[in-house]
Amino acid sequence: MKNYIFILVASILMASCTGTKSVTTPPSPPPQPDPVSVGIAKKPRNIILMIGDGMGVTQITAGLYSNNNKLNLERFKVIGFHKPYASNKLITDSAAGATAFACGVKTYNGAIGVDADTNAVKTILEYAEEKELSTGLVATSTIVHATPASFIAHQPQRKMYEAIAKDFLKTEIDLFIGGGKRYFDRREDGDNLIDILKLRGYEMGTYLGDELPEKIDTDKNYAYLTADKDPLTVAAGREYLPKATKLATDFLHTRGKGFFLMVEGSQIDWGGHANDSDYIITEMIDFDKAIGHVLDYAEKDGETLVIVTADHETGGYAINPGSEMGDIKGAFTSDYHTADLVPVFAYGPGAEAFGGIYENTAIFDKMMEAFGWKRD
Ligand SMILES: [Zn+2]
């Protein structure tokens, strides 16, 4: 209204200055900015949470300077930091870190979807299932590894891979793509979870002979296991993450119900543990390609909140003197995780809530609030 009056007054003044006599038609009110483009007002229909495991500021910087000074991460306008500590340690692991995002609780290192007293806590993916949204998990580790596991399973210890795999059957997750086939079909209890998933109507593909398709053309739920255990590194020829991410967003979109999708670039962390700068950089750039597909989708869709963050930094990674653009001399203070604040990038409806500095558990709270959901 203020603008309207201002313009009206301004046009009267201008008209009198130029000597024009009559101002009979008031100008129409100025157009309002599109709420999506400024990221306010509307609730998201979809949330895509992307986790670069072990991706601190230096990992991002090294990827940037090794990729012609360009990353898709630069397309984000809302940036914040979270405090990644666990309930029992200042230095978190991926299980406590992912459980904080998935369940909104600080818990102990090793905990998968359970609180500090080992009680199961409902995950954002389970809330999404309950509200009849579609759901998906994509990772470049095994799909039962700490980060994806914390969104779908409830187990007291991260190494309980077979129990975690079984927890997949307790949900109706629409899509999952990652390694770890052996935890589904060569188990100590003798169960073949792949057969069970097929009986439950999943279309199932594996790295053995089935190509990851260009398009998932099915009404069924879809799962694809990319390796027997850990998937390859990018350097050894792994290519599926950007493609699987695009497949997943397109597939979940066509389901037409709104969706929650978590995508993990798992091996940035492994490069940090190995104190291997090239490993970090190649995995970082690969993850950034997946981010590019997600942003392309979100820009077109207009109803998708995208959040990119990490569970923690790994390696105490630094870019040392002697480095040049395109030639990073990496150095490390540790072969484990560090306690650094972790960057958060957000885009789309609800994104502005992710500016500032907050606890890692607030990522869960902010996602719930964006969807308009209350915790049970
Ligand atoms: Zn790690």
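Let's start with two helices. Helix 10, residues 240–254, packs against helix 12, residues 277–301, at an angle of about 20°, and their axes are 8 Å apart. Angles under 35 degrees count as roughly parallel. So helix 10 is roughly parallel to helix 12. The crossing of helix 10 past helix 12 is right-handed.

Keep in mind that this is a predicted model.

Which residues make the contact? From helix 10, we have Leu241, Pro242, Thr245, Lys246 and Thr249. From helix 12, we have Asp286, Phe287, Lys289, Ala290, His293, Val294 and Tyr297. Sort the residues of this contact by class, and you get 6 nonpolar, 3 polar and 3 charged.

Now step back to the whole chain. There are 13 helices and 14 strands. The chain has 376 residues, and 50% of them count as buried. What about contacts along the sequence? Take those between residues at least 6 apart in sequence: 71% of them join residues at least 24 apart.

Next, the core. In soluble globular proteins, nonpolar side chains tend to be buried together. Here, the largest nonpolar core has 102 residues. Which residues have the most contacts inside this core? They are Val306, Ile307 and Ala346. And helix 12 is back: it gives the most to this core, with 11 residues.

Let's finish on one residue, Ile307. Leave out residues up to four places away in sequence, and Ile307 touches Leu49, Met50, Val344, Ala346, Phe354 and Ile363. Find Ala346 in that list. Ala346 is also one of the residues with the most contacts inside the core.

Conventions. Residues numbered from 1 in each chain as written. Predicted model: local features only at pLDDT ≥ 70, side-chain atom pairs only at ≥ 80, totals over all residues. Axes fitted to C-alpha atoms, helices over the stretch in contact; angles between N-to-C directions. Helix = DSSP H or I, 4+ residues; strand = E, 2+ residues; numbered from the N terminus. Parallel < 35°, antiparallel > 145°, perpendicular 65-115°, else oblique. Left-handed = near helix turned anticlockwise from the far one by under 90°. Contact = placed C-beta atoms within 7 Å. Nonpolar A, V, L, I, M, F, W, Y, C, P; charged D, E, K, R; others polar. Buried ≥ 20, exposed ≤ 12 C-beta atoms within 10 Å, placed from the backbone. Core = buried A, V, L, I, M, F, W, Y, C linked by C-beta atoms within 7 Å.
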